[in-house]
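Visitor: I am new to this structure and would be grateful for a close look at a single part of it. Please set that part in its wider context as well.

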Amino acid sequence: MSIELKNVTKLFGETPAVNDVSFSVKEGELMALLGPSGGGKTTVLRMIAGLELPTSGDLFIRGQRVNDIPVRKRNIGFVFQNYALFKNMTVLKNIAFGLKIKKWKRADIEARAAELLELLGLKGLEKRYPHQLSGGQRQRVAIARALAPKPTVMLLDEPFGAVDAKIRQELREWLVHLHHDLNVTTLFVTHDQEEAMEVSDRIVIFSRGKLEQIGTPREVYEQPTNEFVAQFIGVMNTVEVEIQGGIGRLGELEFPTPGHPDGARLRIGFRPYAVQVSSDLTQFRYRAVLRRTYFLGIMLRLELELPSGLILRSRISKEEYAQLGLSDGREVSLQIRTYRVLARDTGALAPEVQAFYDLPPSVGENI
Amino acid sequence: MAGAVKSNLGSGRSAYRRGTAEPPFIKWTLIFIALAFALLFLLLPLANVFYEAMGRGFAFYLKSLSEPDTHSAIRLTLLIAAISVPLNLVFGLAAAWAIAKFEFRGKAMLTTLIDLPFAVSPVVSGLVFVLLFGLQGYFGAWLDEHDIRIIFAVPGMVLATTFVTFPFVARELIPVMRETGSEQEQAALTLGANGWQTFWHVTLPSVKWGLLYGVILCNARAMGEYGAVYVVSAHIMGRTETMSLRVASLYEDPQGGPAAFALASLLALLALVTLGLKTFVEWKTQRNFDLAQRSAESAKPETIRAPA
């Protein structure tokens, strides 16, 4: 294990910013810490770096407990959200800083700096100062500076937070390539689920200082273990149903839910892709009117209104949309192919983490 | 950074012209009043100092400056500045660092305390030390027994000057350090630097212009201080007289008028040099500020090649 956290808690005053978190990162893995802002993910990153100290729990880097090892001896590379480049130093001096501090030989420093300038596409910018660089260039200097002393782990705080949407996409691919080439264990913080899904080998999902789920992008998307993860990763339709005769009902919708007593209230969730639409009104069980179509590039999102007024979201491809001859205002039939019981509760579901229940692997059945 | 604020207002000038244009006569009246005031109360007296100093010719000017008592006054002034300025440099750095980068109990109190010397009359500042270390003071008897002289001697003058010039460096540095934040230092730590290396390679260079500005102001005040030094020095000719004190005592002498102006012109010259340096440093910090602003605006990312 490259990085390991065991029951790590961090209190700021009375409030836990990180609450009893345990997880590990494998050697060479590219891992995302994902969650809404204020979820404690940056605090976790800073604790691994040694910039914050845990209130309790243990931190390990390559099997060595590092709780009492100061930042400068942990041999980590840290890329700050706003890069924190040394303003009074040129690009070259920024990159060489860590090597100089570690008393590398001058020739070695020059060779290493040249290597990184090449790798990060910064050649020709050696003599520039940070204020003479674009945002993307600054970020690459920050990464080069962190990589220079050959750290055992790379930690990046919101690496794509400060650049605009078009560049983010390029940066993501570029980070994957870089990680592939260097194979350094990398942990990065993001609040963007798409970014985490696309870039990382595994994702750790945080909310309110607690670890919600850890898994590959596919696992957290397809098998969310609680409602928070289900809602946070991707889009999800949720409805609250009451059980009558083993079937959860809401308006015209029916969800068979064996094993739950009559009168219980359940929260049911299903992904937009599970809502199948047909222009043939007799093909599927429910009727609905297509209220609005959102174009998301190659995929489209449909807003469908049931006779009871309930709105469901569906996702289909452009081809399918054209094939079905859909347009806003048309009547369609639909079915829900798979669904999950997200939580059991009475009345409105409290947003508290404790209110979430573990889900059985798959409750959903085709209707 | 006073310079930054000033020119921010300046850059809005063109907007005034276009939008809320004042009638020209108001503009010109205000400009006239300001200029006339500056001329009458600032420039004219200053020019008069040089005029009076040179009134009896350059030879007399040099002669009055080379009197032994005047010489010793100049030396003493330099000595006091040479001790109190570095002291306040160190203190200012420590205080600014503590206030800008740490949260601690009593921080607001310390911030207020730093301003105390500005709020207190210099004469009172001097008196404080007399009350502490004078013969009638708390430590007076003990000091006398051990034959240590503070009041009416150089140590007392250094103390009083240090007290009076206490706020300059810290006050200049606090806003600069706040603005810089502590991320650069944290970055240095993650790269393996220890506290001293971080301070020397990262913190100090990033505040150097603010620091220099504070030191210039501190030095000017240290050399020009009169009230506090007057109280603790007893202005003994040739021994505890600084330039400012010497000017006053020469002036009181019926024959000393021109010599007083000669020495005063030296102090005035120091003021002019200080102003010149201050303007330069302001220009320099302003330029850094502008560059930072511009780069913040132009921080538009650009195309990135994936490593092959």
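**A close look at one strand, and its setting**

Guide: The model is predicted, and a word on confidence comes before the details. Over residues 1-16 of chain B, pLDDT stays under 50, and the model has 13 contacts beyond four places in sequence for this stretch. Residues 299-308 of chain B also have a pLDDT below 50, with 27 contacts in the model beyond near neighbours in sequence. Where pLDDT is low, the predicted coordinates should not be read in detail. Within chain B, the lowest confidence belongs to helix H1 (residues 2-11), with a mean of 42, and the highest to helix H11 (residues 183-190), at 92. The average pLDDT of chain B is 82, and 87% of its residues score at least 70. For the complex, the predictor gives an ipTM of 0.77 and a pTM of 0.73.

The C-alpha atoms of chain A fill a box of roughly 80 × 45 × 30 Å along the principal axes. Of its 367 residues, 43% count as buried. Among the contacts in chain A with a separation of 6 or more, 62% are between residues 24 or more positions apart.

E7(A) pairs with strand E6 of chain A (residues 76-79) in the parallel sense, over four bridges. Within this pairing, Leu155(A) of E7(A) is the bridge partner of Phe78(A). E7(A) is also joined by five bridges to strand E8 of chain A (residues 185-190), and these two strands run parallel. Here Val153(A) has Thr185(A), in E8(A), as its bridge partner.

Val247(B) is placed in helix H14 of chain B, residues 243-252. Val247(B) is buried because 25 other C-beta atoms lie within 10 Å. Leaving aside residues up to four places away in sequence, Val247(B) touches Ala260(B), Leu263(B), Ala264(B) and Leu267(B). Met109(B) is 138 residues from Val247(B) along the chain, and their C-alpha atoms are separated by 38 Å.

Technical notes: Residues are numbered from 1 along each chain as its sequence is written. Chains are lettered from A and ligands numbered from 1 in the order in which they are written. This is a predicted model: local features need pLDDT of at least 70, side-chain atom pairs count only at pLDDT 80 or more; totals for chains, interfaces and linings use all residues. Two strands pair if DSSP finds at least two bridges between them. A residue is buried if 20 or more other C-beta atoms lie within 10 Å of its own, exposed if 12 or fewer, and partly exposed in between; C-beta atoms are placed from the backbone. Two residues are in contact if their C-beta atoms, placed from the backbone, lie within 7 Å. pLDDT is the predictor's confidence in each residue, from 0 to 100.
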